[in-house]
Amino acid sequence: ALERTLSIIKPDAVAKNVIGEIYARFEKAGLKVVAAKQKQLSRQEAEGFYAVHKERPFFKALVEFMISGPVMIQVLEGDNAVLKHRELMGATNPKEAAPGTIRADFADSIDANAVHGSDAAETAKVEIAYFFAETEVHSR
Ligand code: CMP
């Protein structure tokens with residue numbers, strides 16, 4: 001089915017200057033960038049985005065990392081976009097990420113793991129609405 005998913009290129013990957021390399025992987029896999037913005041997240045925005053992880057031991061470090069520099073946020077659209085994007089990213093822990101995935105190639109640790117992607121179509125709707133108005137998403 002045609003789906004949308006939220007993708008975030010995290011501060012580590014933005015600092016490595018690999019936004020374009022990561023976008024190329026999306027495009028080669030048939031995913032279209034239908035909305036995008038670069039943003040310095042406030043603490044409040046990062047905490048709100050990751051609210052589901054609030055009680056996890058890694059929450060504070062996650063928020064600190066996500067506000068350590070600008071992120072690149074995009075909506076990807078395509079057939080089976082949520083799963084396709086997760087396959088391109090690889091496992092959350094780069095040590096477990098398959099060769100050739102974004103995290104295997106660009107991530108240094110489970111905290112600085114280069115990218116975020118929605119885990120399901122329902123989550124994607126919430127995550128997209130967190131950062132984009134419907135008028136800012138250009139389905140095509
Ligand atoms: P992300 O997909 O952005 O969602 C939550 C983030 O928390 C995750 O990627 C990791 O970068 C980070 N994180 C740190 N420790 C853990 C952990 N033990 N399990 C899951 N996520 C973790």
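User: In this predicted model, is Ala114 buried or exposed?
Analyst: Ala114 is found in the loop between α6 and β4. Its phi is near 75°, a positive value in a residue other than glycine. The relative accessible area of Ala114 is 0%, and the cut-off for a buried residue is under 20%. Ala114 is therefore buried.

User: Which residue has a side chain joined to that of Lys10 by a polar contact of 2.7 Å?
Analyst: Lys10 sits in the loop between β1 (2–9) and α1 (11–15). Leaving aside neighbours within four places in sequence, Lys10 is in contact with several residues, including Tyr50, Asp111, Asn113 and His116. The polar contact of 2.7 Å between side chains joins Lys10 to Asn113.

User: Is Lys10 buried or exposed?
Analyst: Its relative accessible area is 5%. A residue counts as buried under 20% and as exposed over 50%. Lys10 is therefore buried.

User: Where is Asn113 placed, and is Asn113 buried or exposed?
Analyst: The place of Asn113 is in the loop between α6 (102–106) and β4 (115–117). Leaving aside neighbours within four places in sequence, the contacts of Asn113 include Lys10, Thr92 and Arg103. Its relative accessibility is 2%, so Asn113 counts as buried.

User: At which residues does UniProt place the feature "binding site", and which of these residues does the lining of the largest pocket include?
Analyst: The UniProt record, an unreviewed entry, gives this feature at Lys10, Phe58, Arg86, Thr92, Arg103 and Asn113. Of these residues, the lining of the largest pocket includes Lys10, Phe58, Arg86, Thr92, Arg103 and Asn113.

User: How much of the ligand's area does the protein bury?
Analyst: Among the residues around the ligand are Lys10, Tyr50, Phe58, Asn113 and His116. A polar side-chain atom of Lys10 lies 2.7 Å from an oxygen atom of the ligand, and a polar side-chain atom of Asn113 lies 3.2 Å from an oxygen atom of the ligand. Taken alone, the ligand exposes 450 Å². Of that area, the protein buries 78%.

User: What is the distance from an oxygen atom of the ligand to an N or O atom in the side chain of Tyr50?
Analyst: Tyr50 is one of the residues around the ligand. Tyr50 is also in contact with Lys10. From an oxygen atom of the ligand to an N or O atom in the Tyr50 side chain, the distance is 2.5 Å.

User: Which residue does UniProt list for "active site", and is His116 buried or exposed?
Analyst: For this feature the UniProt record, an unreviewed entry, lists His116. His116 is found in strand β4 and touches Lys10, Tyr50 and Arg103, among others, not counting residues up to four places away in sequence. With a relative accessible area of 12%, His116 is therefore buried.

User: Is Asn17 buried or exposed?
Analyst: Asn17 lies in the loop between α1 and α2 (19–28). Its phi is near 65°, a positive value in a residue other than glycine. The relative accessibility of Asn17 is 68%, and the cut-off for exposed is over 50%. Asn17 therefore counts as exposed.

User: How far apart in space are Lys95 and Asp108?
Analyst: Lys95 lies in the loop between α5 (81–89) and α6. At 79% relative accessibility, Lys95 counts as exposed. Lys95 and Asp108 are 13 residues apart in sequence. In space, C-alpha to C-alpha, they are apart by 8.5 Å.

Methods:
Residues are numbered from 1 along each chain as its sequence is written. This is a predicted model: local features need pLDDT of at least 70, side-chain atom pairs count only at pLDDT 80 or more; totals for chains, interfaces and linings use all residues. Side-chain values use heavy atoms; hydrogens and water are left out. UniProt positions are given in the numbering used here, feature names are shortened, and annotations may be inferred rather than shown by experiment. On a 1 Å grid over the protein atoms alone, a cavity is a set of points where a 1.4 Å probe fits but cannot get out, and a pocket is an open set with protein on both sides within 12 Å along at least five of seven lines; lining residues have an atom within 4 Å of a point. Helices (H or I, at least four residues) and strands (E, at least two) are DSSP runs, numbered from the N terminus. Buried means under 20% relative accessible area, exposed over 50%, partly exposed in between (1.4 Å probe, protein chains only). Contact means heavy atoms within 4.5 Å. A polar contact is a pair of N or O atoms within 3.5 Å; within protein, one must be able to donate a hydrogen and the other to accept it, and residues adjacent in sequence count only if both atoms are side-chain atoms. A residue is near a molecule or strand if one of its heavy atoms lies within 4 Å of it. Accessible areas come from the Shrake-Rupley method with a 1.4 Å probe; for residues, only the protein chains shown count as cover.
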